[in-house]
Amino acid sequence: RAGHHEQTVAADASNSNISVDDVVVPGEEMIPLPEPKAAAAEPRSSPLRAVENSLRETLGDYLMDGKVDLRETSRGLELEFNSRLLFDSGSNVLDQAYRPALVDVASVLRGLENAVDVEGFTDDQPIDTERFPSNWELSTARAVAVIRLLVDYGVGPERLAAVGYGPHRPVASNDTPAGRARNRRVILVIRSAEPVQPRETEDLA
């Protein structure tokens, strides 16, 4: 009797660890259950995740070669270039060979509203020229050179700031050539804070 058979199946299923869907009714073809899928890892929540992905795609070769470093910090995204890639020793003139990398960065940044700080750093080797009396002037001039290129390629100047730290924030020992090379760097900090809002100027007339 069909009705009696369905009740028996349901009763048997309720008294075991299997579900009604797992019970095979005689005369029906058994369909194998799919393998359980591993739980997908939740993506890291970050307002700059899309920006990071765009920069990694744009600068893929430079990142793979270790010429550029990209990381997320409490300040936002930090994009670090070693100064020797961008500038000759004692100079703030951008190397033509690496200008395209900065142009690529500008193509990503110009579509954003986030503030961007460009920070220059040097090693502790003294400099005393008419143009650069100290490493402070040199590091700041290098940051400004990067900013000028970003502006030339469409990044809003109201979003940009140039900062020169000179030799005063080393990340490696200045006692070795390798350490000094590590300390000579330029970092673009793409801030994760609220977008820059242009300040309205008051009519002073």
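Start with Arg75 and Glu119. They form a salt bridge, with the closest N and O atoms 2.8 Å apart. This bridge links distant parts of the chain. Arg75 sits in the loop between strand E1 (68-73) and strand E2 (76-82). Glu119 is in strand E3 (residues 116-121), 44 residues apart from Arg75. A word of caution here: this is a predicted model.

How exposed are the two ends? Arg75 counts as partly exposed, at 25% relative accessibility. Glu119 is buried, with a relative accessible area of 2%.

The pair also belongs to a network of salt bridges. Linked in that network are Asp69, Arg71, Arg75, Glu78, Glu80, Glu119 and Arg182. In total, the structure holds ten salt bridges.

Next one. Asp123 and Arg184 meet through their side chains in a salt bridge, 2.5 Å from N to O. Again, distant parts of the chain are linked. Asp123 is in the loop between E3 and helix H6 (135-152). Arg184 is in the loop between helix H7 (177-183) and strand E5 (185-191). The two are 61 residues apart. Asp123 counts as buried, at 7% relative accessibility. Arg184, at 25%, counts as partly exposed.

Now a local one. Glu52 forms a salt bridge with Arg56, and the closest N and O atoms are 3.2 Å apart. Both residues lie in helix H2 (residues 49-58). They are four residues apart, about one turn of the helix. Is Glu52 buried or exposed? Glu52 is buried, at a relative accessible area of 5%. Arg56 counts as partly exposed, at 36% relative accessibility.

Stay with H2. Which of its residues are buried? Val51, Glu52 and Leu55 are. Look down the axis of H2: the buried residues fall within an arc of 100 degrees, so they line one face of the helix. The face turned away from that buried side carries the exposed residues Ala50 and Glu57. And what covers the buried residues of H2? The cover includes helix H3 (60-64), E1, E2, helix H5 (99-109) and E5.

On to the sheet. Five strands form an open sheet, and the order is E1-E2-E5-E3-E4. The pairing is mixed. Which strands are at the edges? E1 and strand E4 (160-164) are, each pairing on one side only. From one strand to the next, the twist averages 20 degrees.

Take one pairing in detail. E2 and E5 run in the antiparallel sense, paired over seven bridges. Asn82 has its bridge partner in E5, and that partner is Arg185.

Now the helices on the sheet. H5 lies across E2, E3 and E5. H5 runs at about 170 degrees to E2. H6 packs on the sheet as well, touching E3, E4 and E5. The direction of H6 makes about 160 degrees with that of E4.

Last topic: aromatics. How many aromatic pairs are there? The count comes to two.

First up, Tyr62 and Tyr98. The ring centres are 6.1 Å apart and the planes are at 55 degrees, so this pair is tilted. Tyr62 lies in helix H3, and Tyr98 in the loop between helix H4 (83-86) and H5. So the pair ties together parts that are 36 residues apart in sequence. Tyr98 counts as buried, at 18% relative accessibility.

Then Phe121 and Tyr165. Their ring centres are 5.0 Å apart, and the planes are at 15 degrees, so the pair is stacked. Distant parts of the chain are linked here too. Phe121 is in strand E3, and Tyr165 in the loop between E4 and H7, 44 residues apart. Phe121 counts as buried, at 5% relative accessibility. Tyr165 also counts as buried, at 18%.

That's the tour. Questions, please.

Terms used:
Residues numbered from 1 in each chain as written. Predicted model: local features only at pLDDT ≥ 70, side-chain atom pairs only at ≥ 80, totals over all residues. Heavy atoms only, no water. Salt bridge = Lys/Arg side-chain N within 4 Å of Asp/Glu carboxyl O. Buried < 20%, exposed > 50% of the residue type's maximum accessible area, 1.4 Å probe, protein only. Arc of directions from axis to C-beta. Contact = heavy atoms within 4.5 Å. Pairing = 2+ DSSP bridges. Axes fitted to C-alpha atoms, helices over the stretch in contact; angles between N-to-C directions. Phe/Tyr/Trp six-rings, centres within 6.5 Å; stacked < 30°, edge-to-face > 60°.
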